[in-house]
Amino acid sequence: MSTAVTSPALTAKDFATDQEVRWCPGCGDYSILAQVQKVMPTLGIPKENIVIVSGIGCSSRFPYYMNTFGMHSIHGRATAIASGLKAARPELSVWIVSGDGDSMSIGGNHTIHLLRRNFDVNMLVFNNQIYGLTKGQYSPTSEEHKITKSTPYGSIDHPFNPMALALGADATFIARSMDRDPKHLQQTLTRAAQHKGASFVEIYQNCNIFNDGAFEIFTEKATKAEEALFLENGKPLVFGASQNKGIKLDGLKPVVVTLGEGVSADDLWIHDESDFYKAQILTRLFDNPYKGGDHFPRPFGVFYQTERPCYEEVLGLQIEEVISSKGKGNLDKLLRGKEVWEIV
Amino acid sequence: MSRQEQLLQDVVIKFAGDSGDGMQLTGQQFTNNTALLGIDLATFPDFPAEIRAPQGTLAGVSGFQIHFSSNKVFTPGDLCDVLVAMNAAALKANLKSLKAGGKIIANIDGFDTKNLRLANYPDGVNPLEDGSLDSYEVIKIDVTKLTREALKDFAELGVKERDRAKNMFVLGFIYWMYNRNLDNTIDFLKEKFGKKDVILQSNIKVLQAGYNYGDTTETFTTRYKVEKAKLPAGVYRSIMGNQALSYGLIAASEKSGLPIFLGTYPITPASDILHELSKHKAFGIKTFQAEDEIAGIASAIGASYGGSLGITTTSGPGVALKTEAMGLAVMLEIPLLVINIQRGGPSTGLPTKTEQSDLLQAYYGRNGECPMPVIASSTPSDCFDVAYEAVRIAVQHMTPVMLLSDGYIANGAEPWRFPSSADLQPIKVEFKKELAEGEEKYQPYKRDEKLVRPWAVPGTAGLEHRIGGLEKQDITGNVSYDADNHQHMVKTRQAKVDMIADYIPLQKIDSGAEKGKVLVLGWGSTYGAIKSAVLELQAEGHSVSHAHIRYLRPFPKNLGDIIKNFEKVLIPEINNGQLIKIIRDEFLVDAKGYNKIMGIPITKGELVEAIKKML
Ligand code: SF4
């Protein structure tokens with residue numbers, strides 16, 4: 001089957017279903033859904049060739065609202081189901097929608113293996129740093145000391161750093177975006193879709209019921225410019241309300257500098273998406289702004305991208321090679337084996 | 001020198017040695033040699049649990065039993081006629097299963113002080129010398145010495161490498177004893193060591209030395225011969241259970257046109273299916289060694305959803321991990337094969353030993369009302385037919401199917417009159433390709449007369465739809481929490497599975513009358529033992545019949561009628577009583593159990609006794 005465009009151009013509306021969207025009013029998931037519906041028609045993929053597989057959690061309701069093929073599966077296993085689907089049907093465009101609990105707690109194992117195998121799929125992790133569907137327990141991305149229903153005295157769990165985790169698992173594409181920046185999210189989703197290989201996209205998503213404002217310093221006007229660092233390939237790492245701050249590499253150590261005072265944009269760290277070592281440092285710009293110490297803005301955008309053969313491709317190639325060297329399997333020959341005897 | 005030749009009908013040999021002694025290979029070679037002569041046979045390999053158990057100890061003993069006969073063979077035999085003991089531990093571990101007056105072929109070198117101590121014989125006691133084996137015929141051979149002797153010209157081989165060929169000496173000797181030729185083993189060695197000439201030549205040399213040893217040593221005055229068995233006419237080969245199962249899957253894939261996707265995680269004793277299927281990429285088979293048991297089944301579900309034949313293979317502990325995903329497959333109503341090669345449980349249990357203790361798990365081991373068809377194989381070659389049937393049921397009834405086999409059949413071998421592909425009934429599969437006339441929207445849970453929903457795979461324009469693990473609204477498949485709908489859907493999923501009874505063969509009586517005193521009702525790998533016990537009692541004139549159930553859920557429609565035709569029902573199982581619970585529940589019959597939970601098969605002898613008590 002070809003994924004080439006055969007039908008008239010689709011619009012975002014073609015990707016909506018007749019199902020009533022059931023997230024809480026004000027939930028960040030609405031914006032993510034809207035951006036995905038906007039991006040899909042631009043990809044030139046017939047909608048019957050798109051499959052969205054989700055696990056369990058608020059985010060995982062997603063497939064019901066997308067007029068493509070979809071499966072709302074079981075907790076943590078969307079990645080494993082998508083792996084089998086992509087292996088069996090490499091021509092499909094497979095998307096995984098998951099949350100922080102689904103992908104990093106119960107499904108953590110499958111997430112890292114999906115990334116190392118580099119299936120050509122897109123994995124969207126809606127990170128709200130809380131368990132929403134089960135009504136408000138801390139998640140593997142919740143910050144330390146967080147007070148939740150299951151941690152009345154504060155969480156003692158050290159949180160995951162999803163970008164570092166994905167890079168550590170040898171992901172070939174990692175990016176971060178947010179629900180509150182539709183344009184950035186659309187661009188990021190498009191990049192993820194275009195990447196050949198497993199694309200890991202962490203999306204900061206506000207759960208206004210159980211963890212409202214978790215990301216507001218990155219998303220709200222008053223603080224966004226100072227706290228969020230937008231990455232662009234080939235461009236220096238510049239941020240700040242008046243774009244007068246930057247990050248410079250002092251050996252392997254990143255330092256925040258102010259432009260002007262003897263520092264020009266040329267001295268700054270130039271973002272290079274293909275640089276694995278720098279990507280590792282980028283993922284570590286992950287401090288808790290309320291904690292004190294060295295403080296860096298949080299990067300958004302594509303941290304890292306590289307090319308590596310995709311699992312499903314090599315799987316298919318191996319079969320082709322065997323068939324071309326040995327010929328197609330012959331059932332009668334197989335059943336007969338090497339040694340037979342006849343009884344008359 | 002005068003040599004006698006004695007004709008025998010029935011022989012059981014057990015090859016036993018340290019796990020490094022190559023007894024499995026020796027046994028398999030002797031098996032192939034026997035099979036090629038048209039002699040009927042059954043085998044039973046018996047491995048230690050550890051890959052490298054301490055050398056020379058009882059825990060490290062590896063055995064291979066073969067029963068061959070000019071009559072039909074149904075089991076690997078209760079007791080052996082010949083015990084090959086490569087060391088003291090092998091003798092100690094297996095002496096109890098040697099017939100009175102049986103032969104012991106002992107490798108003297110394996111009975112030195114160190115080996116005797118490792119086998120826990122008291123200081124100074126050597127069974128080969130203290131007269132304790134006087135009731136047996138003991139043939140003492142210094143296999144190690146003779147092997148080294150045979151290889152004295154192979155200067156390039158070290159002592160360790162020379163000693164590794166010991167098993168070939170024994171095999172050569174046994175070939176001589178049973179009047180065989182060495183051709184098939186020489187061919188095998190050529191294939192195995194073709195590129196390493198020295199190893200090849202040394203193995204052949206030792207094999208021949210063993211044979212010549214029998215021929216030239218005057219002490220051995222008798223050779224034995226077992227004639228061809230009177231099996232139904234046809235072309236045969238030897239087959240092992242897991243191999244037959246793999247072939248059944250491949251055949252079903254070819255005959256249904258669905259490519260195989262195996263998502264699995266290695267586990268004893270199921271891994272051989274992964275090994276086998278991954279060899280046959282020429283059939284377009286995709287094998288995926290997943291990161292864990294759950295990913296194994298989940299990936300298979302993904303592949304089935306995409307229109308492949310999704311399969312996952314495992315053993316009991318793996319099934320436990322897969323249960324949630326099985327529930328999803330039941331809810332999605334897509335084809336899927338879950339293959340459980342059972343082993344001793346619970347927990348890690350006895351990984352290398354056999355048991356039938358996962359039947360209730362297969363029946364009930366999922367959350368919610370979650371019916372899944374269950375089908376079981378009864379002999380190594382039967383695994384082929386059962387795998388084929390399991391696929392047929394899964395794809396024609398859109399349901400996950402549980403296939404039960406066990407370690408005993410998985411590793412056992414027997415002659416197989418293999419089918420030709422033309423003999424195999426095609427498996428018809430239809431994907432939904434487009435909306436029917438007048439159909440406005442695809443209704444994923446609209447059912448046909450079998451209560452089966454359509455299979456619409458991604459890539460089919462106009463049939464985009466969403467499915468999942470939440471309760472479905474009837475017909476539309478939309479999420480529904482409606483009370484009446486849930487009751488209706490639970491009942492419908494059950495009815496769909498029950499209705500499979502209309503599409504499977506009726507239960508047959510395997511041997512004996514349709515009516516009578518005792519019915520021995522079995523399932524799975526107890527087939528051979530039950531069959532031989534019942535045949536023996538029938539020959540003595542007793543009113544006893546045997547029925548063996550392949551389709552365990554749903555049961556064949558006439559099973560209840562068969563049961564009611566007998567005064568008493570005996571259900572032998574290698575578990576603590578599982579089928580018996582289901583039979584009592586379903587048919588309100590006062591069945592009795594015979595249960596052995598020792599990690600080994602039930603023997604014919606003990607079953608004869610158990611049945612006699614009921615006659
Ligand atoms: S609980 Fe939170 S994440 Fe879930 S739908 Fe409501 S707002 Fe969104």
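**Chain B and its surroundings**

A: Chain B has 20 helices and 22 strands. Its radius of gyration is 27 Å, close to the 25 Å that the globule rule gives for 615 residues, so chain B is as compact as a globular protein of that length. The model is a predicted one, and every value below should be read with that in mind. Taken along the principal axes, the C-alpha atoms of chain B fill a box of roughly 90 × 60 × 50 Å. Of the 615 residues in this chain, 53% count as buried, and among its contacts with a separation of 6 or more, 75% are accounted for by residues 24 or more positions apart.

For B:V391, if residues up to four places away in sequence are not counted, the residues touched are B:L249, B:A252, B:S256, B:L309, B:L337 and B:I427.

The next topic is the side of chain B that touches chain A. Here 59 residues of chain B are in contact with 52 residues of chain A. On the chain B side, at least two residues each are supplied by α1 (23-36), β9 (234-240), α9 (241-256), β10 (260-264), β11 (286-289), α11 (293-305), α12 (316-332) and β17 (466-468). The largest share, nine residues, comes from α11(B). Sorted by class, this side of chain B has 30 nonpolar, 20 polar and nine charged residues. Within β17(B), B:R466 is the bridge partner of A:G70.

Several backbone details in the loops of chain B deserve a careful check. A cis peptide bond, with omega about 0°, joins B:G345 and B:P346, and B:P346 has its place in the loop between β13 (336-342) and α13 (359-364) of chain B. A further cis peptide bond runs from B:R553 to B:P554, with omega near -5°; B:P554 is in the loop between β20 (551-553) and α18 (559-564) of chain B.

Positive phi values in residues other than glycine are a related point. Phi of B:I475 is near 70°, a positive value although the residue is not a glycine, and B:I475 is placed in the loop between β17 and α16 (483-498) of chain B. Because B:I475 has 12 C-beta neighbours inside 10 Å, this residue counts as exposed. B:L588, which is not a glycine, has a positive phi of about 50° and is placed in the loop between α19 (579-587) and β22 (592-595) of chain B. With 9 C-beta neighbours inside 10 Å, B:L588 therefore counts as exposed.

The partner chain gives the context for the contact described above. Chain A has eleven helices and twelve strands, and along its principal axes its C-alpha trace spans about 95 × 50 × 45 Å. Buried residues make up 46% of the 344 residues in chain A, and residues 24 or more positions apart account for 66% of its contacts with a separation of 6 or more. The ligand is surrounded by residues of this chain, namely A:W23, A:C24, A:C27, A:D29, A:C58, A:N128, A:G132, A:C207, A:N208, A:I209 and A:F210. By class, the residues of the shell around the ligand divide into seven nonpolar, three polar and one charged.

A:A265 lies in the loop between β10 (253-258) and α9 (276-283) of chain A, and counts as partly exposed because it has 13 C-beta neighbours inside 10 Å. The C-alpha atoms of A:A265 and A:N244, 21 residues apart along the chain, are separated by 9.4 Å. Leaving aside neighbours within four places in sequence, A:A265 is in contact with A:P236, A:V238, A:G246 and A:L259.

Terms used:
Residues numbered from 1 in each chain as written. Chains lettered and ligands numbered in written order. Predicted model: local features only at pLDDT ≥ 70, side-chain atom pairs only at ≥ 80, totals over all residues. Near = placed C-beta within 6 Å. Nonpolar A, V, L, I, M, F, W, Y, C, P; charged D, E, K, R; others polar. Helix = DSSP H or I, 4+ residues; strand = E, 2+ residues; numbered from the N terminus. Rg over C-alpha atoms; globule rule 2.2 N^0.38 Å. Buried ≥ 20, exposed ≤ 12 C-beta atoms within 10 Å, placed from the backbone. Contact = placed C-beta atoms within 7 Å. Pairing = 2+ DSSP bridges.
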